[in-house]
Amino acid sequence: MIKRIFAALLCAMAAACLSGCAEQTPPPEEHTGTRIALSMSSRDQFLVTVETSVLEHAAKNQVDCTVWDAGNDYVVQMQHVKDAREQGYDALIVNEVSPSLTRGILREAEDMPVVFVNREPEMSALTVGKNAYVGSDDSEPGRFQAAWLNDYAEENELEHLDIVYLTGIEGQASTIARRESLMDHLKVDHDFVYDSTAQFDRAKAQVQVGMLIEAGRSFDAIVAQNDEMAIGAAMAMQAAGKELCPILGIDGTLSFTVRQPGDEQGRAAVDAALALIAGESLDTVSGVTLGEDELSLMIPYEPVDAENVEEYIS
């Protein structure tokens, strides 16, 4: 078990380095066709995957795509929307800093089509034919993580687990849904000996787990709401010379994780933007499930462990 976790950690850190080295494609000096702008809330290992997919799929469709990074700043992201509208972009793809921005973004965009990707916006503010949301069902990761912990406890004849739980941005839909589904499906007797937000951030998770270790706190497993925090937790254990315990993440790395389909989300966001620009129905977007609201384009999460990891790294 420990060797498998350690090997997976090395793969995760290598993947993070590769993602961090991805170069930003500059906007062309002259725009000759359809133009789409992408406003990212920030950049981390997973969000870079979404961004890269948008750029690559836009290029395949001969679409000019400009990317802006809001740095998790509300004001900066709103400026992106204004710039996209004033500069005549045909559509805007937004990875929101916060769902509290949804209505403001749509007001600022006016008639420009807006596609939200990965982070669920305030859905009641969206309009069929003008907007779309591309994402995944955030109740799935917690259910998969709970199932893994239940099986782990049974296989190792453990009657109780002390768990460290690292959560994402407070108030965000994904943070709430992942927590609720974990709680609903975790059957093994357990205590959350530490339960706090690390805001999806690797460094914050590393500091928090490091402080727990320094304080002499013991735990049987670490559950994180994304892989960045899971990697940070593992790095803290390594730095303290501790043997790695089971560490569960979400996004696509580590000993057990739930793969969030960033590549597919980026591709579908571009296809949705092109459909809205052309005045077409969102049911023309392939590889997704269109919700009854005719706004949501959903792509399922996928559980990844030692049994099927080769399918994702080959």
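Start with helix 8, which covers residues 227-239. This helix has 13 residues. From its first C-alpha to its last, helix 8 reaches 18 Å, close to the 18 Å expected at 1.5 Å a residue. Keep in mind that this is a predicted model.

Where does helix 8 sit? Of its 13 residues, 10 are buried, so helix 8 is largely enclosed by the rest of the structure. Buried here means under 20% relative accessible area. The buried residues include Asp227, Glu228 and Met229. Ile231, Gly232 and Met237 are also among them.

Now look at the two ends. At the N-terminal end, Asn226 caps helix 8. A side-chain oxygen of Asn226 lies 3.0 Å from the backbone nitrogen of Met229. Just after helix 8 comes Gly241, which takes a positive phi of about 75 degrees.

Step back to the whole chain. The chain has 10 helices and 13 strands. Of its 314 residues, 52% count as buried. Consider the contacts between residues at least 6 apart in sequence. Among these, 69% join residues at least 24 apart. The accessible surface of the chain comes to about 14,200 Å². Carbon and sulfur atoms account for 48% of that surface.

Next, follow the charges. Side chains of opposite charge can pair when their charged atoms come close. How many salt bridges are there in the count? The count comes to 10 salt bridges.

Take Arg43 and Glu51. Their side chains meet in a salt bridge, at 2.8 Å from N to O. Glu51 counts as buried, because its relative accessibility is 6%. Asp69 joins in too: Arg43, Glu51 and Asp69 are linked in a network of salt bridges.

Arg259 forms a salt bridge with Glu264. The closest N and O atoms of this pair are 3.1 Å apart. Here Arg259 counts as buried, at 16% relative accessibility. Glu264 is partly exposed, with a relative accessible area of 25%.

Finish in helix 9, residues 262-278. Here the side chains of Arg267 and Asp271 meet in a salt bridge, at 3.1 Å from N to O. Arg267 and Asp271 are 4 residues apart in helix 9, so about one helical turn separates them. An α-helix has 3.6 residues a turn, so residues three or four places apart point the same way. Arg267 is buried, and so is Asp271.

Methods
Residues numbered from 1 in each chain as written. Predicted model: local features only at pLDDT ≥ 70, side-chain atom pairs only at ≥ 80, totals over all residues. Heavy atoms only, no water. Helix = DSSP H or I, 4+ residues; strand = E, 2+ residues; numbered from the N terminus. Expected span 1.5 Å × (residues − 1). Buried < 20%, exposed > 50% of the residue type's maximum accessible area, 1.4 Å probe, protein only. Polar contact = N/O pair within 3.5 Å; in protein donor to acceptor, adjacent residues only side chain to side chain. Contact = heavy atoms within 4.5 Å. Areas by Shrake-Rupley, 256 points an atom, 1.4 Å probe, with all protein chains shown as cover. Salt bridge = Lys/Arg side-chain N within 4 Å of Asp/Glu carboxyl O.
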